Amino acid sequence: MALLEVRQLKVHFPGRGGWFESRTQPVKAVDGVGFRIEEGQTYGLVGESGSGKTTTGRAIIGLNALTSGSVTFQGQELTLGKRGGKLNFRRDIQMIFQDPYSSLNPKKRLLDIVAEPLRNFERLSPLEEKQRVRELLERVGLSPDSIYKYPHEFSGGQRQRIGIARAIALKPKLIIADEPVSALDLSVQAQVLNFLREIQEEMKLSFLLISHDLGIIRHMCDRIGIMYKGRFVEQGTTEDLFERPQHIYTKRLLSAIPVMDPAKREEQLRFREAVNSEYKEAYERYFDHDGLAYPLKPISATHEVAAPEKG
Amino acid sequence: MHDDLLSIEHLTASFRIGDRYYAAVDDVSLTVRKNEILAIVGESGSGKSALAFSIMGLHTRAKIEGDVRLDGQSLTRLPPSKMNKLRGRDMGMIFQDSLSALNPLMIVGSQIEEALVLHRPGLSKKERKEKTIELLTQVGIAGPELAYEKFPHELSGGMRQRIVIAIAIANEPRLLIADEPTTALDVTIQLQILDLIRKLKSDIGAGVILITHDLGVVAEMADRVAVMYAGQIVEIASLSTLLSNPQHPYTRSLLRSIPASREPKSKLYVIQGIVPSLQHLPRQGCRFRSRIPWIDESAHEEQPEMHEIAPGHFVRCTCYKHFRFPGEEEIRHGAS
Amino acid sequence: MWRTVARRTTIMIPQIVLLSILVFLLARSMPGDALTGLIDPSIDPAAIEEQRVKLGLNNPWYEQYWDWVTNALQGDLGQSFRFKMPVTDLIGERIANTFWLSLATLVITYLIAIPLGIISGRYNDTLADRMITGYTYIGFAAPLFIFALLMLWAFGFHFGWFPTGGSVAPGMEPGSLSYIMSKLYHLLLPATSMALITTVTTVQLLRSEIIDTKHKDFVHTARAKGASESRIYNRHILRNSLLPIAAFFGYEITGLIGGTVFIESIFSYPGMGELFLSSISVRDFTVVTSLVLLYGIAAILGALLSDLILSMVDPRIRIK
C-alpha cells in the first residue's frame, strides 16, 4: 500500500467574474493528476512555471481546495468528510516552503515558530515545549540557545532549516517541499539537500519534492512526474525519465539542462536542434487540439507516457 | 593587450554603513576582449553585481577607486555628462528581473526608443519607430508592432527579458554586461535567452560580461571565467581549464557542491561556515581561510596575491597548493 | 475603461444608501423630534399626538426613512429650527463658499507639496531635505486650530493684511470683477493657513515615494541607457511617485472636510463647517444631520475620484 495516493486530482480556479465582467472559463491549474508515493521515498514533481506543480502540492496539504479527485493517505481517504472541498489537515503531512524569508513570521521568536504545529496538535507544558524546540533546533544544526532569537538574525540557509525544524516537529510521515532550495546559494543548497536526505533516512520520511531544477530532482528523487499545463506528460523512475525519456516535452526539458563539459558544447547544440525540430514536427502527435497532454499510458512496469488513444 | 576592450585595474567600490566605508568590490583587476564572454561567478554577497554596477558607473553613492578603461578611455574620472554619452551607446546592461527593470507606466516600445532618442538625435520619429520594430524582431519577438504598444505587465517573463535585451543592444554597444539575465526564467526560456545573447554578441562583435551564480549557465556560455569570493577575484581561467583543472579551494568546493556533479543520492559537498557579511569580511590575509580551517595557517599568504600558475590561469593566495578536501589523504601540488 | 468607471460608480450607490440609513438612525436616536422644539408646551397632548400621526412620526422607522429620503432627493432636507428656513436654502448659500475654500486649499496644498516633496526626496539627507522634513514635523505636531488662530492674529489683526471674517466685502455687485477679487482675498488667509498644515502629509508621502522609486531597477535601466539625472526624474521617477499621491486624493478630501470645520469657525467664514459647529452648539439637529449626510457623500465621492484617477494613470489597473 502506498503512503500517499493521488487519483484524478483536479484543481480549477474560477475565471474572472462579477458585474459587467463576462464570466470566463475556469483556469484548470491541475487537470487530472494521479501518482503514488511509497514510504521512505522521494517523489519529484517537475514542470515550468504555470505547470500546476505547486498547486498540486498545496492541494494535497489542503491549501488549495480540490475541484474533484481523491487523495488517500495510509489507506485513508483524506477527501472524506470534506467541507468546501478542503481536505482534513493532517499532522502527518507537513510542508516546507520556497522562500525562507517570507515563510517565517518576522515578528515571532524561533520558539513560537517551531512550536506552532506542536501547539496545534499536542498539549505540552511550556517547559516540555521549550525542551522539544531545543531538541528540534539541535536536530537541524542550530544552537538550542537560539529559541529566543528572531528569523532576521539568521542566514538564508539557517532560515530554511528553521522551516524544516517546524515541519518535522510533529514527526510527520510525508513532507511536501516546494522549491526548498531555489532561493539559496549553491553551497547552502548542498547543505539543505544533504540535510533533507539525512532526516529522510533517520525518520523514514517520504518527500514530495516540487522543483523546476532537474539537477536537484535527479539527485534526490526515486520517481518523477513531469507536468505540463496541469497534466502529466510522463511519469516513471528517475532512471526511466533521464535515460529513456519518451515524451517530446520531457526530451525538450532534458535537452535544456546545461552541460558542464565545454568539450561537448557543439554536440549538445546539435542535440538540442534535433530535439527542437522533433518538437515542432511531432507536436501534434503528442498534444491534443487544445495543446494539452493526453492521458498517461504504461509502457513498462514503472514508466508511463501521455499518448493519444490510438498509436 | 590591444585586444582588450575593457580593462579594470585595482577597482574598489566601497559603501557607507554607519560612518565607515566598506569595500564590496575590493581591488579587482580583469580584462575583457572583443567578442568574448567573460563570466563572473559568485554567490550572493560576493560583490559580483556591485562590480557590474561599478563598471557601468551606476552606483550613485559609492566610493570608487581604481580605474576602468574602455578601449583605453578611462571611465572612472569622466564627468557625468560624458559618462551618460557612453552608457547605453558603448556599454549596455541587461538586468536580472525583467519586471522591475522596466518602467511599469510606459509602453515597452517607448522604453526601447528612449535609448535611441538619447544617442541618435538625428533620427526622425518615424525612423526611431522603424528601428525599434527592427530591434524587437532582432530579439526574437513575433508580432513586433503589437508588442511595441504593450505595457511590461502584459508580457510574459521571457518576452520581457527580450525587451530588456533590446534596450541594451539598441545602439550596438561594444561592451554588454548581463547581470543574472536568466535567473528568473524557466529552463527552456533560459536556453532561448542565452542563445539570443550569444548570437547578438557575435552579430555586433561585443565583449560580454556575464554575471551569474549558476555554474550551468557559465559552462554553456563563457569563454573565460572569473570566480569571486567576498569582494575579490580568487581565480581566473579559461572555461575548460576552470572546469577541468580548478585550483582555488573555493572554486573546487563550488564545483563539488553541484548536485549534477555527484552520484544521485550521494552526499553533496558542503562548504563549512557562512559567507561573512560586508561589515565582517576579514580584510587581512586569505578571505577563504575561515571556511577551510583544517588547512594549516602557514599555507596562506599574508597578503594574498594573484599568481599566474599557467598562461592566463590566475589563482589568489598560496593555499591552493596545500588544499585537500576533508578525508582526502594526498596533498596535490599546483597545476599540471 | 468605461466599464471600470461604470462598475466603480455602481459600487458607490450602496455605500451612499448605507450612509443615509446610518445618518437617519443617528438623527432619530437624538432626544426629541421635530415637534418637541417647535410647539408651545401648553398645547393639549392629544392635539400633539394627532399632529404626530399626521406628520407620520409614529410610522415604523423604515417608512419614516423612506419619506426622508424621497424628500431629500427632491431637495427638501427639512426646516432649520434656528433660522426658521428650509435647510436646503440655508446650505445652498454656504456650500459654494466651502467649495471655493476647499478648492483653494487643495491648490495651495499641492503647490507646496509637490516642489517640497520632490526636493526632499531627490536630495534626501541634504540640508534642504532636513529643513523640509523639519517643517513637516512641525506641521504634524501643530494643531490646526492653534496655528490658524496664530495666522489670524498675525496677518489679520497685527499686520492687518487680510480680512478677519466673512467671505466677501459688503456692498459688492455679485459677478463683478471686484466681487470675485474680494472673494479671493477673503479666501487666501484661511486657505493658506489650512494648506500649510495639511500639506505636510503629502510632502512626506511624496518624499518617501521618490526615495523608494529611485532605488527601483527601472531607474537603473534608464541610467544604463545614458539618461541624464533630470531626464530620469522627469520621465521615470516622478510619474511613478505621483501615483500614490493621486490615490491619496480621496483622503485629502476627507481631511479637508475636517479642516474646513475648524478653519471656517476661526475665520468666521460663512461656509458649511461654520454652520455645522454653530448648529451643533444650539442643537439644530436637522441642519447637523443634513450636513453629516453631505459630508459623507463628499467623502465617498472623493474616494471614487481617486480610484478613477488611479485607474486612468496606472495601466496595471486598467481593465480592458
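I take helices (H or I, at least four residues) and strands (E, at least two) as DSSP runs, numbered from the N terminus. I number residues from 1 along each chain as its sequence is written, with chains lettered from A and ligands numbered from 1 in the order in which they are written. This is a predicted model, in which local features need pLDDT of at least 70 and side-chain atom pairs count only at pLDDT 80 or more, while totals for chains, interfaces and linings use all residues.

**Entry: chain C overall.** I looked up the elements of chain C and found 12 helices and two strands, which follow the pattern α-α-α-α-β-β-α-α-α-α-α-α-α-α along the sequence. Taken along the principal axes, the C-alpha atoms of chain C fill a box of roughly 90 × 55 × 40 Å. I read that 33% of the 320 residues of chain C count as buried, a residue being buried if 20 or more other C-beta atoms, placed from the backbone, lie within 10 Å of its own.

**Entry: domains of chain C.** The domain assignment, automatic or from a database, gives domain 1 (2-85) and domain 2 (91-313) of chain C, and their centres, taken over C-alpha atoms, are separated by 33 Å. I then counted contacts, where two residues qualify if their C-beta atoms, placed from the backbone, lie within 7 Å, and noted 19 residues of domain 1 of chain C against 17 of domain 2 of chain C. On the domain 1 side, α1 (2-28) and β1 (79-80) of chain C each supply at least two residues, and the largest share, 12 residues, comes from α1(C).

**Entry: chain A against chain B.** I find 25 residues of chain A in contact with 29 residues of chain B. On the chain A side, α5 (186-203), α6 (214-220) and α8 (248-255) each supply at least two residues, with α5(A) giving the largest share, six residues.

**Entry: the sheet of chain B.** I looked up an open sheet of four strands in chain B, ordered β2-β1-β4-β5 with antiparallel pairing, where strands pair if DSSP finds at least two bridges between them. Because β2 (20-33) and β5 (73-74) of chain B stand at the edges with a single partner strand each, one side of each is left without a neighbour in the sheet. Strands β1 (residues 4-17) and β4 (residues 63-70) of chain B pair in the antiparallel sense over seven bridges, and I noted B:K63 in β4(B) as the bridge partner of B:S14.

Note on methods: Buried ≥ 20, exposed ≤ 12 C-beta atoms within 10 Å, placed from the backbone.
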